[in-house]
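Here is a friendly walk through one protein model, written for someone who likes to look at side chains. Please keep the viewer open as you read.

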Amino acid sequence: MRLLAIILAVLAFAAPASAQRDPILVPEVSQDEVQVRQGFTGTELLLFGAVLDPSGMRAARDYDIVVVLKGPSFPIRVREKEQIGGIWINAEDTAFRSAPSYFAVASSSPIGSIVDERTAAIFEFGTDFIQLSPTGVIDPAEQMRFRDGLVDLRTRQGLFSQDSGGVEVREGVLYQARIDLPSSVQTGIYTAETFAVTDGRVVASAVARVEVRKVGFERLVETFSQAQPFFYGLVAIFLSVGMGWLAGRLFSNS
């Protein structure tokens, strides 16, 4: 049904767009809301849509498509571990004002073959180009080291990804990309920005949004922790102590 809606939207845009030179992107997402409940193991988002050349229904030329899916951004402090005397301890650290909790890029061709590094950096076409804002004054080489460490950590956690062949373009009009959201994703608004690229230049972009939110008991716990953090902490402590006492009783009688 959504694919049909896209085609109808393309038909609607075709006539008035004839005076424009740049293509029109009509993006969609398979689900505009992801519900996180008990037992949530992650999900797959299908990002799809159409690219329309103003001269008619079918694009008059081939475009490369890049999709960037970003989760909510938060301040973060990155710490480096150092082994001293056989013990791992915190060593140097740095803080970033804004780091995406989730970041995924999918493209129809390798990024290096469709745009130069400057353009890729402007539009964040890849994990190498994630824009982070360090706090205070930091040496550029140190900033790059901590940035690479953060990217490596979140890549291993499944929160950062890049797929140079993740977008499929059909007949120069319809495109689709499948991107996984792991079970550890943060709640909030996710933005899926789609770009049309030709001759090394971004000629069109469009944004779709997805809300990730907790429901059921998980939502109740989240709301309680935010509204009453002190009492939430007390409950967590009592539960931990109670579970420890119960486990001790069970094992002592076995």
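Let's begin with a polar contact (a pair of N or O atoms within 3.5 Å; within protein, one must be able to donate a hydrogen and the other to accept it, and residues adjacent in sequence count only if both atoms are side-chain atoms). A polar side-chain atom of serine 107 sits 2.7 Å from the backbone oxygen of serine 109. Keep in mind that this is a predicted model, in which local features need pLDDT of at least 70, side-chain atom pairs count only at pLDDT 80 or more, and totals for chains, interfaces and linings use all residues. Residues are numbered from 1 along each chain as its sequence is written, and side-chain values use heavy atoms, with hydrogens and water left out.

Serine 107 belongs to strand E7 (residues 103-107); helices (H or I, at least four residues) and strands (E, at least two) are DSSP runs, numbered from the N terminus. Serine 107 counts as buried because its relative accessibility is 1%, where buried means under 20% relative accessible area, exposed over 50% and partly exposed in between (1.4 Å probe, protein chains only). Leaving aside residues up to four places away in sequence, serine 107 touches Ile65, Val66, Asp163, Ser164, Gly165, Gly166 and Val167; contact means heavy atoms within 4.5 Å.

Beyond four places in sequence, the neighbors touched by valine 66 include Ser107, Ile111, Phe125 and Phe195.

Among contacts between residues at least 6 apart in sequence, 70% join residues at least 24 apart.

Two backbone spots deserve a look. Glutamate 124, in the loop between helix H3 (117-123) and helix H4 (140-156), has a positive phi of about 55° although it is not a glycine. Aspartate 199 also has a positive phi, near 55°, and lies in the loop between strand E11 (188-198) and E12. Glutamate 124 is buried, with a relative accessible area of 10%, whereas aspartate 199 is exposed at 70%.

Now for the charged pairs. Side chains of opposite charge can pair when their charged atoms come close. A salt bridge is a side-chain nitrogen of Lys or Arg within 4 Å of a carboxyl oxygen of Asp or Glu, and by this rule the count comes to 6 salt bridges. The table shows some of them.

| Glutamate 33 | Arginine 213 | 2.9 Å |

Aspartate 152 and arginine 156 are separated by about one helical turn because they are 4 residues apart in helix H4.
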